[in-house]
Amino acid sequence: MSNYHIKHLEEYYQVYRKSVRNPEAFWDEVAEEHFVWRKHWEKVLSYDFSKPDFKWFEGAKLNITENCIDRHLLTKGNETAIIFEPNNPDEVALHISYQELSNRVNKMANVLKSQGIRKGDRVCIYLPMIPELAVSVLACARIGAIHSVVFAGFSATALATRINDSDCKMVITSDGSYRGNKTIDLKGIVDDALRSCASVLSVLVAKRVHSKIPMIDGRDHWMQPLLDQASAKCDPEIMDAEDPLFILYTSGSTGKPKGMVHTTAGYMVYTAYTFKNVFQYKTGDIYWCTADIGWITGHSYIVYGPLANGATTVMFEGVPSYPDFGRFWQIVEKHKINQFYTAPTAIRALAKENIDFVNNYDLNSLKVLGSVGEPINEEAWHWYNENVGKRQCPIVDTWWQTETGGIMISPIPGSTPTIPTYATLPLPGIQPVLMGANGDELYENQVEGSLCIKFPWPSIARTIWGNHDRYRETYFAAYSGMYFTGDGATRDAVGNYRITGRIDDVIIVSGHNLGTAPIEDAVNEHPAVAESAIVGFPHDIKGNALYGYITLKEKGESLLQDNLRKEINQLIADRIGPIAKLDKVQFTNGLPKTRSGKIMRRILRKVACNELDNLGDTSTLLNPECVKHIIEGRL
Ligand code: PRX
């Protein structure tokens with residue numbers, strides 16, 4: 001039996017039981033056998049949920065890039081680490097070998113050093129999906145700098161908030177990016193953001209679109225000339241197991257984004273372990289995750305997890321609809337992809353198009369299909385299974401979060417069964433529980449409750465950057481002695497989990513987590529707006545879309561309201577990014593409030609979802625009369 005690579009059902013149960021009975025012994029064995037360490041740990045785990053405090057492999061010393069790059073050089077230096085597939089299918093794909101990746105990362109690491117970046121400094125990476133993105137991430141890790149990748153679809157304001165929250169010293173960006181038939185001026189967005197970021201001393205700029213852009217003397221540097229001068233040897237910084245590896249921002253239901261902090265050893269062990277098992281990656285396979293490295297899925301399952309296993313991982317710069325809706329399948333055929341990992345929103349969008357876009361391509365290489373980011377509905381699951389997987393490929397519906405660092409609940413292909421819409425069973429080392437309305441654990445099966453995890457796992461986020469109190473309150477205060485996920489779930493008769501969705505004010509739109517509070521803040525900035533409340537409603541492709549209820553300071557004409565809608569959405573795009581725009585905007589003369597003045601979102605949500613039969617008791621509201629007005633004016 002191997003703890004590291006599960007190959008059949010009985011083995012899953014054996015390994016799972018072992019991992020729960022003695023988690024320390026289990027993870028000790030995995031970490032011992034599959035990674036290179038500069039110094040062995042003294043203790044596998046110490047933890048205290050009440051502080052909360054988690055330490056894995058304490059005392060160990062390592063560098064994650066030695067595990068992701070150096071150790072593969074002898075055996076697979078010439079094999080491909082990263083395939084870069086450009087936005088434009090006519091541009092040639094790049095095959096970057098492990099040796100070349102090593103050279104690039106070492107050079108970039110030396111460039112960072114030459115710009116004054118040291119261990120512990122924060123570096124913001126705001127790049128499109130080009131090789132420089134993966135290389136920059138790994139170069140930071142090489143020298144012990146903490147990377148903070150910000151998805152390059154975020155606005156200047158959102159970027160500045162993230163840069164300032166963790167006092168980044170440097171920003172790495174490009175002269176622009178390609179997305180479908182659009183070219184985006186990324187450097188312009190960085191310039192805007194940096195007007196309010198005093199901590200940034202230098203900006204490295206990669207050339208991608210070759211546009212003429214202003215460079216600020218002394219602050220901005222073209223990346224390539226510096227790389228050309230740099231040595232391809234940079235000794236790795238030797239890190240403690242619990243040294244921070246990166247910060248990644250995720251939306252909360254209130255307040256500013258949370259900078260989740262992941263540390264080195266536990267994150268490495270867990271992402272590598274789960275990559276191997278969930279995708280059943282075998283030597284020679286070509287693996288493709290369509291996510292952006294700006295999200296946790298890209299961190300864990302484009303960069304760290306695959307490279308720690310010596311895999312070949314694809315980075316795709318473009319979008320599924322360019323030049324046409326066959327682009328994903330054309331790439332699968334072209335690179336003979338074996339494992340394909342995407343989001344339900346992409347599946348739903350592609351399922352709406354002509355099936356010839358799929359059938360025109362040879363998808364025979366596929367062995368495993370993955371889904372992540374939101375619940376996958378039954379229709380999308382079957383479409384994926386039948387048309388893409390040809391009923392031959394297990395679908396791994398992987399449930400996890402930015403905070404969990406790696407996949408927590410998922411089928412293991414070839415070992416555990418798949419069930420449409422179910423993430424199914426916990427991976428080894430993961431102990432999910434469901435909590436009932438009265439705060440007690442639900443021990444039986446066939447129940448529904450709040451999903452919590454009652455034992456630490458190696459890649460749990462250790463804190464929120466600069467705000468440990470918020471970390472404790474958000475994840476550890478609701479139920480004592482466990483981690484609260486913010487999701488609801490059901491458990492079937494044999495222990496399979498089905499995630500039902502968020503139970504807080506986070507809305508998942510096209511797989512992106514959006515907190516309602518920051519969007520409301522943006523809307524309320526408009527001089528005509530008195531107040532706003534934003535809720536989600538079901539959407540065919542996006543999963544959920546945003547519905548805004550807005551009261552105005554002065555009642556206006558309907559023509560004016562159309563302009564207002566546009567202006568409000570522009571404000572949202574400026575403050576957060578286009579992904580947070582409202583699909584529906586209803587102007588109303590009041591928002592339903594409790595007697596203590598809190599907006600009753602429950603009622604607004606029901607109206608947005610057209611569930612009018614079951615609005616609940618509205619008589620205790622401060623202003624029950626506004627509900628009628630809201631129902632009459634619903635969109
Ligand atoms: O609500 C769950 C949903 O996405 C949330 C986490 O979002 P984020 O931190 O952006 O990470 C997304 C990628 C890991 C979860 O709280 N979610 C994620 N995967 C699934 C899911 N909901 C249902 N099924 C999934 N497979």
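Reader: Where does Arg-391 sit?
Author: Arg-391 is in the loop between α15 (378-388) and β20. Helices here (H or I, at least four residues) and strands (E, at least two) are DSSP runs, numbered from the N terminus. This is a predicted model, where local features need pLDDT of at least 70, side-chain atom pairs count only at pLDDT 80 or more, and totals for chains, interfaces and linings use all residues. Residues are numbered from 1 along each chain as its sequence is written, and side-chain values use heavy atoms, with hydrogens and water left out.

Reader: OK, and what's phi of Arg-391?
Author: Near 60°, a positive value in a residue other than glycine.

Reader: Which peptide bond is cis at Pro-52?
Author: The one from Lys-51 to Pro-52, with omega near -20°. Pro-52 is in the loop between β1 (43-48) and β2 (53-58). There's also a cis bond joining Tyr-322 and Pro-323, with omega about -5°, and Pro-323 lies in the loop between β17 (312-316) and α12 (327-335).

Reader: Switching to the ligand: how many residues surround it?
Author: 18, and the closest are Asp-397, Thr-398, Thr-402, Asp-487 and Arg-502.

Reader: How much of the ligand's accessible area does the protein cover?
Author: 95% of the 540 Å² that the ligand has on its own, by the Shrake-Rupley method with a 1.4 Å probe.

Reader: Which elements give two or more residues to that shell?
Author: α11 (296-308), β20 (395-398) and β26 (497-502).

Reader: Last topic: at what angle do α7 and α8 cross?
Author: Roughly 55°, with the axes of α7 (residues 156-165) and α8 (residues 186-194) coming within 8 Å. That makes α7 oblique to α8, since angles under 35 degrees count as roughly parallel, over 145 as roughly antiparallel, 65 to 115 as roughly perpendicular and the rest as oblique.

Notes:
A residue is near a molecule or strand if one of its heavy atoms lies within 4 Å of it. Axes are lines fitted to C-alpha atoms, for helices over the stretch in contact, and angles run from 0 to 180 degrees between N-to-C directions.
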